[in-house]
Amino acid sequence: MNDFVKLWDGGPLFCQSEHFKLGTDSVLLADFVNIGSRQRGIDLGCGSGVLPLLLLSKSERLHMTGLEINPEAAKTAEANLEANKLAERGSIVTGDIRLCKELFKSGEFDLVVANPPYFAEGSGKQSTDEAKAAARTETLCTLGEVCRAAAYLCRTGGVFCLVHRAERLCDVLCLLRESGLEPKRLRTVAHDASKEPSLILVEARRGGSSGMKLLPPLFIRNPDGSETQEILKIYHREGKP
């Protein structure tokens, strides 16, 4: 297991497993999630557990469960909770998203989050490492299976938030609605204002009415190449040289 590092000054300690590296997408998703009064959340495919850590740092009344099929990653996620003294508000379950009905009750959570594999099986560059391939490509769990699991786990009125590639926007919205999750908020992410979006952040509500809010785009960089003020805030780097 690698050494622990602080995600930001005064922030949580984090150790990443060999196959699941900390990425911008997870950080942006955690910022996008509106926790509100929600108290029980689950991260589908939590990897090293960065999303639970980031969300727990946003709300002291939230309890997060991480579901992860890879035992080594699940062990790292548990260690991250323990290192931050969050074992009482967080737990990790080693298991398969596709078998969630055997692990949890229907409607057990009011917040579901996921940073799922981006590429359909047979598309995109696939790693020869099985664990890395599963994190990147839908070899173990498809987007449709993630959406159906989220719909089963989420109570009526609860929300499912996910990050995905912009090119799969149509797939995401269609599969969410087919699963009984109505898209309610959408935000695109682009490197800068001159580039097309590369990521989408989506919130869907279980049993929600139709009508989706399209939020202003999130840009990573300014025209001069510097980080935007919003990115500095998300990464807790405001005022840093």
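Helices, the elements whose residues are discussed here, are DSSP runs of at least four residues, numbered from the N terminus. The model described below is predicted, and two parts of it are taken in turn: the second largest pocket, to whose lining helix H1 gives the most, with three residues, and helix H6, which packs against helix H7 at an angle of about 40°.

**The second largest pocket**

- Rolling a probe the size of a water molecule over the atoms shows where empty space is left.
- The second largest pocket holds about 330 Å³ of space, and among the 17 residues that line this pocket, those closest to its centre are Trp8, Val27, Leu54, Ile234 and His236.
- At least two lining residues come from each of three helices, namely H1 (24–32), H2 (50–56) and H8 (229–234).
- By residue type, the lining of the second largest pocket is made up of nine nonpolar, six charged and two polar residues.

**Helix H6 and its burial**

- Helix H6, which covers residues 143–153, is mostly covered, since nine of its eleven residues are buried.
- Those buried residues of H6 include Leu143, Gly144 and Cys147, and these three residues of H6 also make contact with H7.

**The packing of H6 against H7**

- Two packed helices are described by the angle between their axes and the distance between the axes.
- For H6 and H7 (residues 169–178), the axes lie 9 Å apart at an angle of about 40°, and the crossing is right-handed.
- On the H7 side, the contact is made by Asp171, Val172, Leu175 and Leu176, and the residues of the whole contact divide into five nonpolar, one polar and one charged.

Conventions. Residues are numbered from 1 along each chain as its sequence is written. This is a predicted model: local features need pLDDT of at least 70, side-chain atom pairs count only at pLDDT 80 or more; totals for chains, interfaces and linings use all residues. Side-chain values use heavy atoms; hydrogens and water are left out. On a 1 Å grid over the protein atoms alone, a cavity is a set of points where a 1.4 Å probe fits but cannot get out, and a pocket is an open set with protein on both sides within 12 Å along at least five of seven lines; lining residues have an atom within 4 Å of a point. Grid points are joined across faces, edges and corners, and a volume is the space filled by probe spheres set on the points. Ala, Val, Leu, Ile, Met, Phe, Trp, Tyr, Cys and Pro count as nonpolar, Asp, Glu, Lys and Arg as charged, and the others, Gly among them, as polar. Buried means under 20% relative accessible area, exposed over 50%, partly exposed in between (1.4 Å probe, protein chains only). Axes are lines fitted to C-alpha atoms, for helices over the stretch in contact, and angles run from 0 to 180 degrees between N-to-C directions. A crossing is left-handed if the near helix is turned anticlockwise from the far one by less than a right angle, and right-handed if clockwise. Contact means heavy atoms within 4.5 Å.
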